[in-house]
Structure formats: structure tokens, C-alpha cells
Amino acid sequence: MGGCAGSRRRLSDSEEEETVPEPRRPLLDPRGAHWKNAVGFWLLGLCNNFSYVVMLSAAHDILSHQRAPGNQSHVDPGPTPTAHNSSSRFDCNPVSTAAVLLADILPTLAIKLLAPLGLHLLPYSPRVCISGVCAAGSFILVAFSGSVGTSLCGVVLASISSGLGEVTFLSLTAFYPRAVISWWSSGTGGAGLLGALSYLGLTQAGLSPQYTLLSMLGIPALMLASYFFLLTSPGTQDPGGEEEAETAARQPLISSEASELKPDYNPNLSLRERWTVFKGLLWHIIPLVLVYFAEYFINQGLFELLYFRNTSLTHAQQYRWYQMLYQAGVFASRSSLRCCHIRFTWALALLQCLNLAFLLVDVWFSFLPSIYLIFLIIVYEGLLGGAAYVNTFHNIALETSDEHREFAMAAACISDTLGISLSGLLALPVHNFLCHLS
């Protein structure tokens with residue numbers, strides 16, 4: 001693979017017979033190749049979701065702050081009082097943070113809906129490059145934006161980056177041992193924790209949201225470096241057997257122009273085959289949709305309304321803490337696959353829906369006396385969401401054939417995005433209704 005324009009193709013039998021093998025460099029140590037791929041997928045998960053998480057953590061600031069042109073102060077000026085609805089007991093922004101959620105998820109939804117139909121025709125390397133450029137563009141555009149509309153355009157770029165990257169990298173796991181799914185999922189959880197924590201920490205330290213975003217421009221570069229220089233080339237292997245995978249040590253991904261794919265891999269499934277595979281995935285997809293619908297309705301519909309006036313934290317700081325604690329729970333559970341494998345993810349969907357119902361009742365009646373109780377519930381919410389994600393994709397990898405695995409992983413990506421999109425659409429009218437209560 002050469003640079004961003006590289007691609008993989010399968011060599012025909014005649015080409016394999018006529019091609020004179022060139023001298024090869026010494027193979028990597030098998031364990032070294034295993035750990036390069038493990039660390040590579042962890043970093044790809046971290047970098048891919050980082051901009052998405054940061055935009056959600058900054059949602060309250062994006063809607064609260066409209067900097068005047070030429071304002072380049074590096075110090076956070078604090079929340080703008082006029083941005084809130086002072087007549088409501090919830091101290092609402094005029095627009096729900098669900099608006100940022102929709103800008104951060106609808107482009108991803110479009111990408112994931114179209115991906116199973118033809119995205120496989122575009123080689124992996126250009127997809128990764130596009131994802132990296134969009135992530136960098138999102139940080140720059142939001143940082144220098146002077147209006148909410150321009151900021152939302154930057155959020156859209158983050159969404160394109162995250163959606164394209166997730167479909168690409170989850171599809172790529174089909175050519176590696178199944179263990180990389182756990183590493184990828186842990187990395188995405190790490191993105192949530194580090195993204196929310198870094199935004200919270202830098203803004204709490206007094207850095208303005210603008211300079212906080214600009215400080216994160218190294219993340220897209222790290223993603224490109226991880227893909228091109230850290231992953232090894234996906235040669236013929238059984239993704240279910242770690243011992244066999246470790247015996248197939250491979251050259252760095254960027255140096256391989258044409259690596260042989262799995263013998264039973266077929267990138268050109270018919271529409272009939274795709275539909276059959278997709279129907280078989282519904283048992284996994286529906287629970288994940290429900291989990292993400294419930295948790296993102298909480299995150300972007302209720303977090304802003306779970307406002308406690310009897311603490312030293314401002315409203316904006318409370319919102320950032322909610323996001324950080326949620327992501328901490330997600331990171332812990334997405335990293336737990338080796339310790340705990342959950343086959344029936346429907347139970348997680350039920351528990352998350354009960355979580356939503358409980359917090360919605362609290363928003364209405366305000367019966368919880370302390371913000372620390374909310375903190376505990378939010379960590380629990382994150383644990384449920386992260387466990388549902390990693391176990392769903394692990395179960396799919398176990399239950400699908402090699403021939404269908406790449407398509408199945410790409411198709412199942414729609415689950416979380418669809419649930420998040422539906423929650424954002426419902427959270428907007430619910431936010432407006434609650435904020436207009438006397």
C-alpha cells in the first residue's frame with residue numbers, strides 16, 4: 001500500500017504462479033506483530049471517536065458562546081447569562097444540546113446506511129485519509145467559529161470523520177484475529193474518557209474552548225500514523241485463532257502493495273446475500289439500538305436539565321462532569337471483554353431503558369437530593385452502554401462466517417447511530433416542553 005492512494009487486491013492464480021518472489025525482509029516476531037495490531041487498533045479507536053466525543057462535551061459551550069469577531073482570548077470567559085432561559089427552573093439553553101447531537105450523528109447515519117451498499121469499492125487508505133482530514137477540519141472550524149451555525153458545520157465534519165472511520169476500521173477487523181475487536185472497542189471507550197476528561201480539564205484550568213480545541217489537532221495525525229505505520233498487513237489467517245494469527249507475522253501495512261486476503265473472503269456479495277445476512281443480524285442490532293436510544297436521550301436530552309443549584313459547580317461545569325463520568329463508565333466496560341462476556345444483550349437494553357425512565361421522573365419531580373447520586377447513575381449508564389457495544393460486535397464476529405464477516409461488521413455499525421439519531425430527534429421537543437414549564 002502506498003500512501004493515501006494505496007489499495008489491496010487479490011492476486012489471481014496465474015499471477016501467483018508467474019510472479020517471482022522478491023527477497024523478503026525478516027518477519028516480525030509473532031508476538032510483536034500481535035501487539036502492534038492490538039496497540040494499533042486501540043489507537044485507531046481512540047483517535048476515531050475523539051473528535052465526536054469532544055464535540056458532545058463542548059455542546060453546552062457551542063450553544064452558549066457566540067464569540068464576537070476578533071475575540072481571540074485564550075481564557076475561558078465563562079458562560080453567557082443571556083444564553084439561558086431564566087424563566088425556567090432548568091436554566092435551559094434556547095436550543096437543546098440535542099441539536100449538537102444531531103449535527104454530530106446524522107452524517108454518520110447517512111454514511112453507515114450507504115456503506116454496506118458500496119463503500120467497499122473505495123480502498124481503505126483513502127477512507128482513512130478522508131477521516132483524518134475531516135477530524136482536523138472539525139477542530140479548526142469550531143475553534144474559529146463566530147456563530148452557532150458555523151460551529152455546527154464543524155460538528156458535521158467530526159461526524160463524517162467518526163462515521164467513515166468506524167465503518168472502515170470495524171470492517172478491517174474481519175482480516176485480523178477477533179481479539180482486535182476488544183482492543184478497538186477499548187480504544188473507542190478511551191476516546192470517550194480522554195476526550196471528555198481533556199476538555200473538562202483544560203477548560204477547568206482556564207483555557208478557552210477555542211484553544212482547547214486547537215490543542216487537540218495532534219489526534220488526527222496520530223490516527224494516520226497508527227494506520228500506516230503501526231498495523232501489520234492483513235495476510236491470510238483465521239481471525240478466530242490467536243495462535244495461528246501469531247504464527248503469521250506480517251510486514252508493516254504501508255509497505256504492502258498487494259497482500260493476499262483470506263481465501264474464502266468475497267467482497268462482492270449479492271443483494272440477496274446481503275439481505276439474508278442483515279436479517280440474521282437483527283437479533284444483535286435491535287438491542288443495541290435500544291441501548292443507545294436510551295443513553296443518548298439521557299445524555300443530550302436530560303443532562304442539561306439535571307441541574308443542581310446547591311453545588312459549587314456552574315451549569316456548564318456540571319454538564320462537562322456528566323459527560324466525563326459517562327465516558328469513564330463506557331471505557332471501563334468496553335475494556336472488559338476478556339473478563340466478562342455477555343451473550344444476551346437484551347438484558348442490557350432493558351436496564352438502560354429503566355435508567356432512562358428513572359432519570360426522566362427525577363427531571364420532572366426533582367426528588368434526588370444530591371448531584372453525587374446523579375454521578376453514580378451516570379457511571380452505571382456508561383457501563384451498560386459500553387458493555388452492549390463491545391459484546392454485540394464480539395458476538396457478531398463469533399457467529400458470522402469469514403465470507404460475511406466484513407459486511408456484517410459494517411452493517412451492524414448502523415445500530416448505535418440509529419439509536420442516537422432517534423434519541424436526538426425526540427430529545428429536541430422534550431427539551432422545549434420541559435424548558436417552557438413555569
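Predicted model: local features only at pLDDT ≥ 70, side-chain atom pairs only at ≥ 80, totals over all residues.
Helix H6 runs over residues 148-172. At 1.5 Å a residue, its 25 residues should span 36 Å. H6 is mostly covered, with 18 of its 25 residues buried. Helix H7, residues 179-204, holds Ser185. Ser185 has 0% relative accessibility and therefore counts as buried, the cut-off being under 20%. Leaving aside residues up to four places away in sequence, Ser185 touches Arg334, Tyr389 and Val390.

The surface carries a nonpolar patch of about 570 Å². Leu282, Trp283, Ile286, Leu290, Phe344 and Trp346 make this patch. Helix H11, residues 271-302, gives the largest share, four residues. Leu282 has its place in helix H11. Its relative accessibility is 33%, so Leu282 counts as partly exposed.

Salt bridges were counted next. The count comes to four. In one of them, Lys112 pairs with Glu166, and the closest N and O atoms are 2.4 Å apart. This pair links distant parts of the chain. Lys112 lies in helix H4 (residues 98-118) and Glu166 in helix H6, 54 residues apart. Both Lys112 and Glu166 are buried.

A salt bridge also joins Glu399 and Arg343, with 3.4 Å between the closest N and O atoms. Glu399 lies in helix H14 (residues 371-399). Arg343 lies in the loop between helix H12 (315-334) and helix H13 (346-365). The pair therefore ties together parts that are 56 residues apart in sequence. Glu399 counts as partly exposed at 44% relative accessibility. Arg343, at 47%, also counts as partly exposed.

Arg405 and Asp402 meet through their side chains in a salt bridge of 2.5 Å, N to O. These two residues are three apart in helix H15 (residues 402-412), so about one helical turn separates Arg405 from Asp402. Arg405 and Asp402 are both buried. Salt bridges with shared partners also join Lys112, Glu166 and Asp416 into one network.

The structure holds 17 aromatic pairs. Trp275 and Phe278 form a stacked pair, because their ring centres are 6.0 Å apart and their planes meet at 25°, with planes under 30 degrees counting as stacked. Both residues lie in helix H11, three residues apart, which is about one turn of the helix. An α-helix has 3.6 residues a turn, so residues three or four places apart point the same way. Trp275 is exposed, with a relative accessible area of 51%. Phe278 counts as partly exposed at 25% relative accessibility.

Tyr372 and Phe375 pair edge-to-face. Their ring centres are 5.6 Å apart and their planes stand at 90°, which explains the label because planes over 60 degrees count as edge-to-face. Tyr372 and Phe375 are three residues apart in helix H14, about one helical turn. Tyr372 counts as exposed at 58% relative accessibility. Phe375 counts as buried at 13%. Both residues belong to one aromatic cluster, formed by Phe303, Trp321, Tyr322, Tyr372 and Phe375.

Key
Residues numbered from 1 in each chain as written. Heavy atoms only, no water. Expected span 1.5 Å × (residues − 1). Buried < 20%, exposed > 50% of the residue type's maximum accessible area, 1.4 Å probe, protein only. Patch = residues over 30% accessible without salt bridge, like charges linked within 9 Å, V, L, I, M, F, W, Y side chains within 5 Å. Areas by Shrake-Rupley, 256 points an atom, 1.4 Å probe, with all protein chains shown as cover. Contact = heavy atoms within 4.5 Å. Phe/Tyr/Trp six-rings, centres within 6.5 Å; stacked < 30°, edge-to-face > 60°.
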